[in-house]
Amino acid sequence: MAASGAPLWAVCVLRLALATVYFQEEFLDGERWRNRWVQSTNDSQLGHFRLSSGKFYGHKEKDKGLQTTQNGRFYAISARFKPFSNKGKTLVIQYTVKHEQKMDCGGGYIKVFPADVDQKNLNGKSQYYIMFGPDICGFDIKKVHVILHFKNQYHSNKKSIRCKVDGFTHLYTLILRPDLTYEVKIDSQSIEAGSIEYDWNLTSLKKMEKSSAESKDWAQAKDDKSQDWEKHFLDASASKPSDWNSELDGDWPAPMLQKPPYQDGLKPEGIDKDVWLHQKMKNTNYLTEYDLSEFENIGAIGLELWQVRSGTIFDNFLITDDEEYAENFGKTTWGETKVKNRTLAELQEPPPTPSQLAPTPKASNGSNP
């Protein structure tokens, strides 16, 4: 009996066709990368990049990427693409980084910018939407940054996410989902995940905004001199007169309450602030106004960082809305060369010296055998 439905390969092709790839860079066309990437001229002392696969690699051509070349320098370079909004969509940011020099202090992260970023003037003060990737300095800082721009401020993930500190190539993936969940992967393995709302301490910011809105609306209601209290409150305790004939006189109009005392900061008696505030507040759905991980005008990706010792190689950049596409892209790039990359690196390690091979003498306790 023949199998029903489309073959597996057709399903995979369809899946890839449905993915939206906003940006993809593998540096497979030699020096033409210079037509796509713009080096900042903000400072004459900025370090320069070159295309290199490094001292060791899995594939000499496929593993070529942007390599930092000068010690003790800031670096700033970026590439532009067609602007898009990730509203209501998953956003996946992925790339590989190799600290071939075995980083002692410097950044290996990337930044995603709004479309109007000034590429020629790119610097540390240029506004970005997302900063993601490893940062290493001494024994204390060995972390993966995940910083989001929200309400004109930068907010870091409050969790400590450890990065890789060796000299091999590693694949870094950030996933931001429209349900306000996120995931960080290194080498296709999930190392951190959770809620964007809570892991960025944004709940306190939202509560502050809510409290501010409540105070403002209540103050506005209190100061509204044109508010006629008698037109809003009926005397619910009043009884219809016994001689009132509804058929002849119509519906009995209950008397209006007299304007309550409202002096010296006292609120009207019998009026609950929360009920009144609920009626007065126009912004009852304030939570929906704050899109914690949605950006309207994404249009550039770049490297803006500092390195004490140069030699880091950045490659296989990807921005997409499809997690499966990103996973497959990682397998066909980093995944195909990682084993050979590591093997060649190990072959280039200098052989141990005779002193390293000699057994370590036992410590003497000061007594005769």
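Where is the place of Leu122? Look in the loop between β8 (110–114) and β9. The close-ups below start from there.

This is a predicted model, where local features need pLDDT of at least 70, side-chain atom pairs count only at pLDDT 80 or more, and totals for chains, interfaces and linings use all residues. Residues are numbered from 1 along each chain as its sequence is written, and side-chain values use heavy atoms, with hydrogens and water left out.

**View 1**
Val38 is 84 residues away along the chain, and its C-alpha atom is 9.3 Å from that of Leu122.

**View 1. Cys105 and Cys137 form a disulfide.**
A search of the whole structure turns up one disulfide, defined as a pair of cysteine sulfur atoms within 2.5 Å. Here the sulfur atoms of Cys105 and Cys137 are 2.1 Å apart. The pair links distant parts of the chain, with Cys105 in strand β7 (residues 105–107) and Cys137 in strand β9 (residues 130–137), 32 residues apart. The torsion about the S-S bond is about -80°, so this disulfide is left-handed. Cys105 is buried at 19% relative accessible area, while Cys137 is partly exposed at 30%. Another cysteine, Cys163, is buried at 5%.

**View 2. Tyr95 and Phe132 make an edge-to-face pair.**
Rings of Phe, Tyr and Trp (its six-membered ring) pair if their centres lie within 6.5 Å; planes under 30 degrees apart are stacked, over 60 edge-to-face, and the rest tilted. That rule gives 18 aromatic pairs. In the pair shown, Tyr95 and Phe132 sit 6.3 Å centre to centre with 85° between the planes. Tyr95 lies in strand β6 (residues 91–99) and Phe132 in strand β9, so the pair ties together parts 37 residues apart in sequence. Tyr95 is buried at 0% relative accessible area, and Phe132 is buried at 0% too. Ring pairs also build a cluster whose members include Tyr95, Phe132, Trp37, Tyr172 and Phe317.

**View 3. Lys98 puts its charged end over the ring of Phe56.**
The distance from that charged end to the ring centre is 4.4 Å. To count, NZ of Lys or CZ of Arg has to be within 6 Å of the ring centre and within 35 degrees of the ring normal.

**View 4. Lys62 and Glu336 form a salt bridge.**
The rule here is a side-chain nitrogen of Lys or Arg within 4 Å of a carboxyl oxygen of Asp or Glu, and the count comes to 13 salt bridges. The closest N and O atoms of Lys62 and Glu336 are 3.4 Å apart. Lys62 is in the loop between β3 (49–52) and β4 (65–68) and Glu336 is in helix α7 (residues 334–347), so the pair ties together parts 274 residues apart in sequence. Lys62 is partly exposed at 38%, as is Glu336 at 46%.

**View 5. Glu183 and Arg177 meet in a salt bridge.**
The N to O distance is 2.7 Å. What about cover: are these two buried or exposed? Glu183 counts as buried at 13% relative accessibility, and Arg177 counts as buried at 19%.

Glu327 is partly exposed at 37%, and Lys331 is partly exposed at 47%. Tyr325, by contrast, is buried at 16%. Its C-alpha atom is separated by 9.0 Å from that of Thr20, 305 residues apart along the chain.

Methods: Helices (H or I, at least four residues) and strands (E, at least two) are DSSP runs, numbered from the N terminus. Buried means under 20% relative accessible area, exposed over 50%, partly exposed in between (1.4 Å probe, protein chains only).
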